[in-house]
Amino acid sequence: MLIKFFIKPRKGVLDPQGRAVAENLRSLGFDNVKDVKVGKYIEVYVENTDKEKAIEEAKEMAKKAIVNDLIEDYEIQVVE
Amino acid sequence: MRFAVAVYPGSNCDYDTYYVIRDILKKEVEFVDYRETDLSKYDCVIVPGGFSFGDYLRPGAIASHTPLTQALKDFASKGKFVIGICNGFQILTEAHLLPGALLPNNHGKFVCKHQYLKVENNETPFTKNLSKNQIIKLPIAHHDGNYFVDPETLAEMEKNGQIILRYCDENGIVDESTNPNGSIGNIAGVCNKEKNVFGLMPHPERACESILGTADGLLLLTSLIN
């Protein structure tokens, strides 16, 4: 089973990478770019578990290591 | 007073710190490996700068889960002293030994220069050899030094005197123009509520001999001893 973590800077937290990418896109003529957030994508492969347990485990992983909730937001997707 | 200098894979200011304590402060000091859990011999552990575990995940994140960092929690709860410098500061925030987090610098670049700092609170074991509002000069060298904390925690920290150092210019001006990385309130160094855990982005260990351009690091490091 595969757990996908999509991590991005929390709202209100400065994202210099996102800002630089936004400016770059605008300089290329994409005038409608309003904002860009640059985050992280992490894949965790787990064995011998059902989907519900994997979601619980993923939340624990996020809390204990994968995410710093003071500065980051995240979403989980579990793929069988 | 017996010191230990923490060594994680990727620490790179460990020997500078060891040298300053042994050869300049003339105090007993040992390196402690990141797998060590027995800190009973020491009065102060310094978590040095560098790129522990390659800054993977987030700076300090993986180091914060090591046996040594976990043992530091127990060590600190006994009132012993912990100092985190640069990456060490990042490790201590990730381990929740200090509030807040260190974000990438707001300009997106690595910053490496001498920086003036204002002493906000001199009534701590780490700053008692300095006076309030004294201006000192220390080197900074980091990519992720942008101190962030939520407004409620910040207000509490201000009230408790947990803000130790702020970035300023040579005249002590603290504002956006003298902020090298976007830190909230120009914060360069903070301590915990109990005032025995101190984290700072500047490098006092690189500023203990005048040949290096400033020896102001000694003012901080000798505060604990004298």
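## Exercises on chains A and B

The 21 positive charges of chain B and its 27 negative charges have mean positions that lie 3 Å apart, where Lys and Arg count as positive, Asp and Glu count as negative, and His and the chain ends are not counted; the place of a charge is taken as NZ of Lys, CZ of Arg, CG of Asp or CD of Glu.

The model is predicted, so that local features need pLDDT of at least 70 and side-chain atom pairs count only at pLDDT 80 or more, while totals for chains, interfaces and linings use all residues. Residues are numbered from 1 along each chain as its sequence is written, chains are lettered from A and ligands numbered from 1 in the order in which they are written, and side-chain values use heavy atoms, with hydrogens and water left out.

### Exercise 1: the fold of chain B

Describe the secondary structure of chain B and how compact the chain is.

Step 1. Chain B contains five helices and eleven strands, which are DSSP runs numbered from the N terminus (helices: H or I, at least four residues; strands: E, at least two).

Step 2. Its radius of gyration is 16 Å, close to the 17 Å that the globule rule gives for 226 residues, so chain B is as compact as a globular protein of that length; the radius is taken over C-alpha atoms, and the rule is 2.2 Å times the number of residues to the power 0.38.

Step 3. Along the principal axes, the C-alpha atoms of chain B fill a box of roughly 45 × 35 × 30 Å.

Step 4. Of the 226 residues in chain B, 57% are buried (buried means under 20% relative accessible area, exposed over 50%, partly exposed in between, with a 1.4 Å probe and protein chains only).

### Exercise 2: helix 3 of chain B

Find out how many residues of helix 3 of chain B are buried, and look at what follows the helix.

Step 1. Helix 3 covers residues 87-94, and eight of its eight residues are buried, so this helix is largely enclosed by the rest of the structure.

Step 2. Among these buried residues are B:Phe89, B:Ile91 and B:Leu92, and also B:Gln90 and B:Glu94.

Step 3. After helix 3 comes B:His96, which has a positive phi near 65°.

### Exercise 3: positive phi in two loops

State where B:Phe53 and B:Lys195 are found and what their phi values are.

Step 1. Most residues other than glycine have a negative phi, and most peptide bonds are trans.

Step 2. B:Phe53, although not a glycine, has a positive phi of about 50°, and this residue is in the loop between strand 3 (44-47) and helix 2 (67-77) of chain B.

Step 3. B:Lys195 has a positive phi near 65° and is found in the loop between strand 10 (187-191) and strand 11 (197-200); with a relative accessible area of 19%, B:Lys195 is buried.

### Exercise 4: where the chains meet

Describe the contact between chain B and chain A, and then follow A:Lys40 across it.

Step 1. In chain B, 14 residues are in contact with 14 residues of chain A, contact meaning heavy atoms within 4.5 Å.

Step 2. The area buried between the two chains is about 1100 Å², and carbon and sulfur atoms give 65% of it; buried area is the accessible area (1.4 Å probe) that two parts lose on being put together, summed over both.

Step 3. On the chain B side, B:Leu57, B:Arg58 and B:Phe148 lose the most area to chain A, together 43% of what that side buries.

Step 4. A:Lys40 lies in strand 2 (residues 40-45) of chain A and, at 28% relative accessibility, counts as partly exposed. Leaving out residues up to four places away in sequence, A:Lys40 touches residues that include A:Ile7, B:Leu57 and B:Arg58.
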